[in-house]
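Here are a few friendly notes on the aromatic rings, for you to check against the coordinates as you read.

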2 protein chains.
Amino acid sequence: MAPLRTALLQGPGGIPGSVGDSLAVLADAARQAAEQGARLLVTDEMFLTGYALGDRVAELAEPAGGPAQARVAEIAARHRIGIVYGAPEREGDAVFNTARFVGPDGGLLAVYRKTHLFGDYERNVFTAGAEPVVQAELDGVRIGLLICYDVEFPEPVRAHALAGTELLVVPTALMRPYEVVPRTLVPARAYENGLFLAYVNRCGPEGSYDFTGLSCLAGPDGVVRARAGGAGELLLADADLAMLRAARAQTPYLTDRRPELYRSLTDG
Amino acid sequence: MAPLRTALLQGPGGIPGSVGDSLAVLADAARQAAEQGARLLVTDEMFLTGYALGDRVAELAEPAGGPAQARVAEIAARHRIGIVYGAPEREGDAVFNTARFVGPDGGLLAVYRKTHLFGDYERNVFTAGAEPVVQAELDGVRIGLLICYDVEFPEPVRAHALAGTELLVVPTALMRPYEVVPRTLVPARAYENGLFLAYVNRCGPEGSYDFTGLSCLAGPDGVVRARAGGAGELLLADADLAMLRAARAQTPYLTDRRPELYRSLTDG
């Protein structure tokens with residue numbers, strides 16, 4: 001099976017506050033990624049609207065199946081590429097911070113709602129999701145979705161590995177001074193779980209934040225296969241299931257676990 | 001409270017097969033460590049007997065309270081230093097791979113039996129322990145014990161953090177080509193759990209193994225505070241609880257967890 005070429009769109013993201021401009025950026029990236037053979041394009045967290053919008057997030061959040069989702073579907077189908085993009089979603093009075101996965105035919109494959117909200121800002125604006133593992137398949141690869149702070153916890157990533165995730169995609173909005181996350185935690189997560197991990201961050205200033213960039217695709221052998229710097233970039237890397245199987249055979253963490261000793265991890 | 005100065009004895013370890021020579025190495029290291037202000041000395045895994053001994057492990061393994069333990073108690077009391085050392089322990093027909101913690105008064109504070117055995121060699125020679133979290137206090141610091149392969153799993157380290165471990169000491173026998181463990185996984189474990197982690201490895205060849213060295217003390221901020229190379233070394237570093245509290249306040253992973261979403265981690 002051919003490796004799944006994955007494009008990581010690191011940028012100031014969409015244009016904060018302007019969904020239409022963000023969609024234009026996405027369309028251009030999808031064209032470029034497809035031209036370079038990518039089958040999957042992943043954006044940063046809250047790509048569609050911007051991250052540091054405060055109360056405007058609720059105003060810009062669409063319900064499921066809104067016009068922005070329809071436009072992403074057109075872009076995906078036009079370039080025959082899967083797209084995972086970050087966007088807020090409204091449901092009644094609640095707003096969720098989501099990663100939405102649209103297939104290369106434009107159909108919606110999965111929606112993940114961030115389960116670990118970061119800091120007072122996010123807890124004031126968003127409702128936390130309740131479903132830890134959301135997956136969909138693309139070209140025979142089982143793809144899982146998490147968002148930013150989620151991946152800093154070993155538990156949700158382990159839950160993905162146990163559920164069969166092979167490529168974990170993580171739209172992110174990581175700010176200074178947390179560079180240890182992309183540099184150390186992300187490769188560790190990939191290695192300890194034997195999976196590929198595409199961590200796609202924002203970069204540059206927005207509001208009071210300064211996002212770090214440093215997006216990367218880490219392999220199941222713990223090696224970072226592609227790494228962005230601190231500026232906007234369309235980064236490409238391959239997720240190869242043959243390598244994943246070899247890594248899991250060499251470091252059989254998933255089969256050497258002793259779940260009966262881990263009960264304190266689920267104590268409320 | 002003064003930081004707990006910790007000495008990491010990286011070496012070919014004790015002298016494989018010769019417990020008496022290993023004890024002489026330990027006595028010398030304890031003297032040096034105490035002279036430099038250390039309150040705790042940690043050896044590598046199976047320091048007392050050597051690691052790659054095959055069937056001889058069972059022969060060299062003492063029951064609890066044997067003569068080697070008595071000698072370690074003398075060394076600790078003489079230099080007023082806590083000692084964590086790796087040694088096999090026999091109980092009936094079973095042999096456990098243990099980390100034994102002797103206090104600065106020579107009293108036995110704790111014994112941990114390795115719960116995650118690595119590969120066919122260890123599974124043939126040892127019985128796995130059944131108690132995931134073993135701790136004891138020294139100078140007001142709550143110290144936890146794991147051994148080598150254990151620390152590569154996020155779950156047992158998380159269990160320690162949840163149980164209040166502040167300094168996790170990990171006697172280790174890590175061989176090539178697993179350098180990713182001390183370089184990436186160990187700092188990640190310290191950071192994601194907000195604790196100090198002293199990872200003390202063997203170095204050089206023994207039997208068919210080539211141990212990597214690279215012992216380190218990683219801080220709760222993810223920064224490696226001291227790092228050995230590939231040769232024998234007595235490495236000193238401080239574990240400072242004020243820094244630990246600051247790190248946990250900045251990255252409140254332990255309070256932001258959502259244990260109700262982690263149930264799959266304890267499925268048998």
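1. B:Tyr51 and B:Phe211 are both buried, where buried means under 20% relative accessible area, exposed over 50% and partly exposed in between (1.4 Å probe, protein chains only). A:Tyr51 and A:Tyr121 are buried as well.

2. A word on the basis: this is a predicted model, in which local features need pLDDT of at least 70 and side-chain atom pairs count only at pLDDT 80 or more, while totals for chains, interfaces and linings use all residues. Residues are numbered from 1 along each chain as its sequence is written, chains are lettered from A and ligands numbered from 1 in the order in which they are written, and side-chain values use heavy atoms, with hydrogens and water left out.

3. Over all chains there are 22 aromatic pairs (Phe, Tyr and Trp rings, the six-membered one for Trp, with centres within 6.5 Å; planes under 30 degrees apart are stacked, over 60 edge-to-face, the rest tilted). One of them, A:Tyr51 with A:Tyr121, is edge-to-face at 5.6 Å centre to centre and 70° between the planes.

4. In chain B, B:Tyr51 pairs edge-to-face with B:Phe211, with 5.7 Å between centres and 90° between planes. This pair links distant parts of the chain, 160 residues apart: B:Tyr51 is in the loop between strand 2 (40-42) and helix 2 (56-60), and B:Phe211 in strand 11 (residues 209-212). Helices (H or I, at least four residues) and strands (E, at least two) are DSSP runs, numbered from the N terminus.

5. One aromatic cluster is formed by A:Phe118, A:Tyr149, A:Phe153, A:Tyr178, B:Tyr191 and B:Tyr253.
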